[in-house]
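Dear colleague,

Please find below the structure that I am handing over to you. My notes on it follow directly after.

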Amino acid sequence: MYDFAIIWDWIAFSVRWLHVITAMAWIGASFYFIALDLMLKPNGDLPKGAYGEEWEVHGGGFYHTVKYLVAPASMPEHLTWHKWQSYATWLSGATLLMIIYWVGGELFLLDPTKADLALWQGILISGGSLTIGWLAYDAMCKSKLADTPTLLMLLLFVILVVMSWGYHQIFTGRAALLHLGAFTATIMTGNVFFQIMPNQRIVVADLKAGRTPDAKYGKIAKVRSTHNNYLTLPVVFLMLANHYPLAFGTQYAWIIAALIFLTGVTIRHYFNTMHKTGKGPHWTWPVTVVIMVLIAWLSTQPGMDSYEESEARALTPYEEKFASAETFEDAYFAVVGNCSMCHGREPSWEGMHWPPKGVVLETEADVARHASQIYLQAGRTHAMPPPNAIQMTPEARQQIVTWYRSVTGGEG
């Protein structure tokens, strides 16, 4: 009933589901505390050391929140730590990245038209870039640049633009945007794990020991939290972008990614200012619209190889494995005859201007490269082609199954 390809796809789906759930929890908590921090009001009747208070109503009751800028006079019995949302989001995201872009790297990670890399080299670049990126960012924040927060943010933006360009010189468009999102998310979780939480633990330890905590630890945490606040929306966009070929299927995808970080600044600046003053700067919305219009225009520029280029280039070892199978010819004609009207470089289906998900199925290299997805989408299930597009015969589907299993040894 089940073969490895189906089990593996369900594992990926389950991890993605977990990632979305934990991300919602993390982003929700982050947005709430940033808004709460900005809405705090001074009050002369507050306890000693308190910075401000906020009254809120929700769920049929009232909440009275008081913030201490450094720490209260004594440690409370119960203290809730907001950290596991961040950790679970990063761990589930890293696992998903490994499942899709490392194990499935021949299809989703490497682009043979950009760089001639072995899979292990692509994986090394993938994991190494995330680690080196965090170390570089952390060193910047610990340097004298921390005294000029605006300059620090500008340098961080420059690094993100450079990384966006670099990823697009090596990886597929989907992988490039996803890795830029993972690069940014690693910075965000690193801020929580290596800076915010350790500094909070120092403050708690000082309170328990009867010492007055140093205010510098709170300031450090505040800077890192502010960075996370402005990076959140671009990360969400980059995580969703791999489902939309207009975002990744263009030669200017790296510029699109860079511009998205600017929209993250304009949108968050509006809401942060509104939470603090009660009125947001309206200029941020037309600026955001102009940036999105520019992104939409850039998305129409071609980014995939031509039919002639695809036929002319040498097959990768992964493609060669599926293209050299005795059963490939029947499967190839089944795919081209049923799928290429939509999954063509210039789709012939009326009203369709780009192939869905950026998946092109025309040449032998195209079909061999997407073997596992074809097997799952059109062989083992009837997800593709859509029933209102074409009625694919059971014989054609069986030819795809036979071809795929003849290569994988019947294990799927």
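Of the contacts (heavy atoms within 4.5 Å) in the protein chain with a separation of 6 or more, 68% join residues 24 or more positions apart. This is a predicted model, in which local features need pLDDT of at least 70 and side-chain atom pairs count only at pLDDT 80 or more, while totals for chains, interfaces and linings use all residues. Residues are numbered from 1 along each chain as its sequence is written, and side-chain values use heavy atoms, leaving out hydrogens and water.

The protein chain holds 16 helices and 2 strands, taken as DSSP runs numbered from the N terminus (helices H or I, at least four residues; strands E, at least two). Its C-alpha trace spans about 80 × 45 × 45 Å along the principal axes. Of its 412 residues, 43% are buried, that is, under 20% relative accessible area with a 1.4 Å probe, counting protein chains only.

Leaving aside residues up to four places away in sequence, L160 touches L180, F183, T184, L231 and F261.

Two helix pairs deserve a description. The axes of helix α5 (residues 149-168) and α6 come within 8 Å and cross at roughly 150 degrees; axes are lines fitted to C-alpha atoms over the stretch in contact, with angles from 0 to 180 degrees between N-to-C directions. Helix α5 is therefore roughly antiparallel to α6, the term for angles over 145 degrees. Among the residues making this contact are L156, L160 and Y167 of α5 and L177, L180 and F183 of α6.

Helix α7 (residues 216-241) packs against helix α9 (residues 253-277) at about 135 degrees, with the axes 8 Å apart. The contact includes L231, P234 and F237 of α7 and F261, G264 and R268 of α9.

Finally, an unreviewed UniProt entry places the feature "domain: Cytochrome c" at residues 319-408; such annotations may be inferred rather than shown by experiment. The end C-alpha atoms of this span lie 13 Å apart, and the span is 53% helix and 0% strand.

With kind regards

Terms used. Angles under 35 degrees count as roughly parallel, over 145 as roughly antiparallel, 65 to 115 as roughly perpendicular and the rest as oblique. Buried means under 20% relative accessible area, exposed over 50%, partly exposed in between (1.4 Å probe, protein chains only).
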